[in-house]
Amino acid sequence: MTKKTAAPALQRRIAPLVDALYKTRGKRYALQRAADALEAREKAIRLELIAALPKFGATGAAGKVARAQLEGKTVARVDDWAKLRRYIVKADAWDLLQRRLADAAVQARWEAKKAVPGVSAERVTVVSLHKV
């Protein structure tokens with residue numbers, strides 16, 4: 001296909017995909033903003049319940065459609081990262097960590113010309129999308 005005939009074919013076949021991607025992403029962003037707002041409201045209500053129920057000497061309450069109960073839950077909080085790291089290495093307890101790199105931290109090291117042992121750069125194809 002020559003460049004002369006590529007442009008009309010590109011407009012007919014590819015341009016609608018670009019527009020569909022842009023519109024779909026916009027709809028997803030709108031839904032995500034709405035979901036984020038609902039999540040923030042949900043967190044605020046949870047905090048309000050956690051603060052209010054004990055003031056009434058209660059650990060739970062029921063509405064017309066649901067019942068809420070305050071319960072204790074033990075969660076892990078790292079107080080000393082250096083001690084934790086030493087333990088993980090000594091005990092071979094890597095399952096305590098999640099397998100994910102902080103992309104921005106790795107990128108910053110690479111930009112500073114510092115190697116990150118065990119990490120390589122992989123070129124991937126992404127779609128950069130901008131409104132026209």
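**View 1. The surface of the protein chain.** Of the 132 residues, 6% count as buried, meaning under 20% relative accessible area with a 1.4 Å probe, protein chains only. This is a predicted model, in which local features need pLDDT of at least 70 and side-chain atom pairs count only at pLDDT 80 or more, while totals for chains, interfaces and linings use all residues. Residues are numbered from 1 along each chain as its sequence is written, and side-chain values use heavy atoms, leaving out hydrogens and water.

**View 2. The order of elements.** The protein chain holds four helices and two strands. Helices are DSSP runs of H or I with at least four residues; strands are runs of E with at least two. From the N terminus the order is α-α-β-β-α-α. The radius of gyration, 26 Å, is well over the 14 Å that the globule rule gives for 132 residues, so the chain is more spread out than a compact globule. That radius is taken over C-alpha atoms, and the rule is 2.2 Å times the number of residues to the power 0.38. The C-alpha atoms fill a box of roughly 80 × 50 × 25 Å along the principal axes.

**View 3. Confidence along the chain.** pLDDT is the predictor's confidence in each residue, from 0 to 100. Its mean over the protein chain is 90. Helix α1 (residues 3–13) has the lowest confidence, a mean of 74. Helix α2 (residues 15–55) has the highest, at 96.

**View 4. The two ends of helix α3.** At the start of α3 (residues 81–91), a side-chain oxygen of Asp80 comes within 3.1 Å of the backbone nitrogen of Ala82. After α3 comes Asp92, with a positive phi near 50°.

Technical notes: Polar contact = N/O pair within 3.5 Å; in protein donor to acceptor, adjacent residues only side chain to side chain. Buried < 20%, exposed > 50% of the residue type's maximum accessible area, 1.4 Å probe, protein only.
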